[in-house]
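Try each task before reading its solution.

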Amino acid sequence: MTKVIRIKETGAPDVMEYVDVDLPAPGSGEVLVRQMACGLNFIDVYFRTGLYPQPLPGSLGMEGAGVIEAVGANVAHVKVGDRVAYAGRPLGAYAEARVMPADILVKLPDSISFETAAAMMLQGLTVQYLFRRTFRLQGGETILFHAAAGGVGLIACQWARALGVTMIGTVGSDEKAELAKANGCVHTINYNKENFVERVKEITGGKGVPVVYDSIGKDTFIGSLDCLAPLGMMVSFGSASGPVAPFGLNELATRGSLFVTRPSLFNYTAKRDDLEIMAAELFGMVESGKIKIDINQRYALKDVAQAHHDLESRKTTGSSILIP
C-alpha cells in the first residue's frame, strides 16, 4: 500500500484526505517513481478549490523528484534506478510513490538533491519560459515582477540579476522586501504601504517598463497595464487574488498598443525537445550557483492541509515542499 492525498470534492484544505492505495504495474510509456520529495505550488490550491476543474474524486500535485523503481514497455530515455524530477500533468504528485507517464520526466544531475529538485522544477521552469521565451530578456531592461518574495519570485530575482536585468518587485511586507533584495531584486514595492503604479513610474522616470510578469491576477491586472511603456507586454501567468475580470480591448490601445498573453508552462514543455532544453538551462543555472533554491518550509505529506493554509494566507516565502 502507498500513502497518497485524494480529494472527493473541492473546497477548503480539509477536503484533502491521506489514504492508502494499491499501485498498478506501469503500463506502456509509464514508470513507477518512488518519490523523495513533492513540490507545493499555488496551482495546487486552484485545483483543490475547483478554480481549475478536474474529474472527481481526484489527486493533487504537479511536481516531484525521486527514483524510478519500475519501467513499462516503450520507455527508452529513463531506466530503473535513475534519479528523476518532473513538473506537469497528470495530477498526483502528493504521494509516496506513483505510476506516471515517463515523457514528462527528466534525469536529475547528481549535484542537485531531490528536495531542491522538487522545490524548483515547476517554479524554475516557469521563470525559464517567462524570461527566455515569453518575453526574452536580453539584459539591461527594467521589469516589474509581482510577488517577488514567493517561490517563483525569488528564482526570478536571481535569474534577473544573472541576466543583468533591473527587477522591480512587489511584496507584502518589509521582511519580504529584504528577502527579495537579498536575492537580487533592485527595487521593492510594499503594496500594503505604496501604490505600485506610482512607484514604477517614479523609478522609471515616467517611462514605464517593457514587460510586467503578473501572477496575482484580479487585484493587480489593470494597475500592471498602467505600468507598461507603449508597445509593452503584460504577461499574466497566475490568479492568486482571483481570475482577471473581462476587459475591453480598447484598454490596450489607449495605453499604447499593449500586448497581453496568458501563458502556461505546460504548453511550453509540450514538446520533449523543448522540455529537455528548458530543464538543462535551469539545472545549469543552479549548478553554477547563479540561482540558489531556498526551501523555507518543509511539511510531512500527512500535514498537507496545514501547508495549504500557510500558502493561502501568504505566510510562506521561497519554496515549500512535502516529504512523503
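**Exercise 1.** Decide whether Gln158 is buried or exposed, and find what it touches.

*Solution.* Start with the cover: Gln158 has a relative accessible area of 3%, so it is buried (buried means under 20%, exposed over 50%, partly exposed in between, with a 1.4 Å probe and protein chains only). The model you are looking at is predicted, so local features need pLDDT of at least 70 and side-chain atom pairs count only at pLDDT 80 or more, while totals for chains, interfaces and linings use all residues. Residues are numbered from 1 along each chain as its sequence is written, and side-chain values use heavy atoms, leaving out hydrogens and water.

Then list its contacts (heavy atoms within 4.5 Å): leaving aside residues up to four places away in sequence, Gln158 touches Asn183, Lys290, Ile291 and Lys292. Finally, compare Gln158 with Ser319: they are 161 residues apart in sequence and 14 Å apart in space, C-alpha to C-alpha.

**Exercise 2.** Work out the strand order of the open sheet of six strands, and say which strands stand at the edges.

*Solution.* Follow the pairing (at least two DSSP bridges between two strands): the order is β11-β10-β9-β12-β13-β14, and the pairing is parallel. β11 (187–190) and β14 (259–261) each have a single partner strand, so one side of each has no neighbour in the sheet.

β10 (residues 166–171) pairs with β11 over four bridges in the parallel sense, and Gly169 stands opposite Thr188 in β11. Helix α4 (residues 174–182) packs on the sheet, where it touches β10 and β11, and its direction makes about 165 degrees with that of β11 (axes are lines fitted to C-alpha atoms, for helices over the stretch in contact, with angles from 0 to 180 degrees between N-to-C directions).

**Exercise 3.** Find out where Ser236 is and which residues it touches.

*Solution.* First, Ser236 is found in strand β13. Second, its relative accessible area is 6%, so Ser236 is buried. Third, with residues up to four places away in sequence not counted, Ser236 touches Asp214, Phe221, Val244, Thr261, Arg262 and Pro263.

Note on methods
Helices (H or I, at least four residues) and strands (E, at least two) are DSSP runs, numbered from the N terminus.
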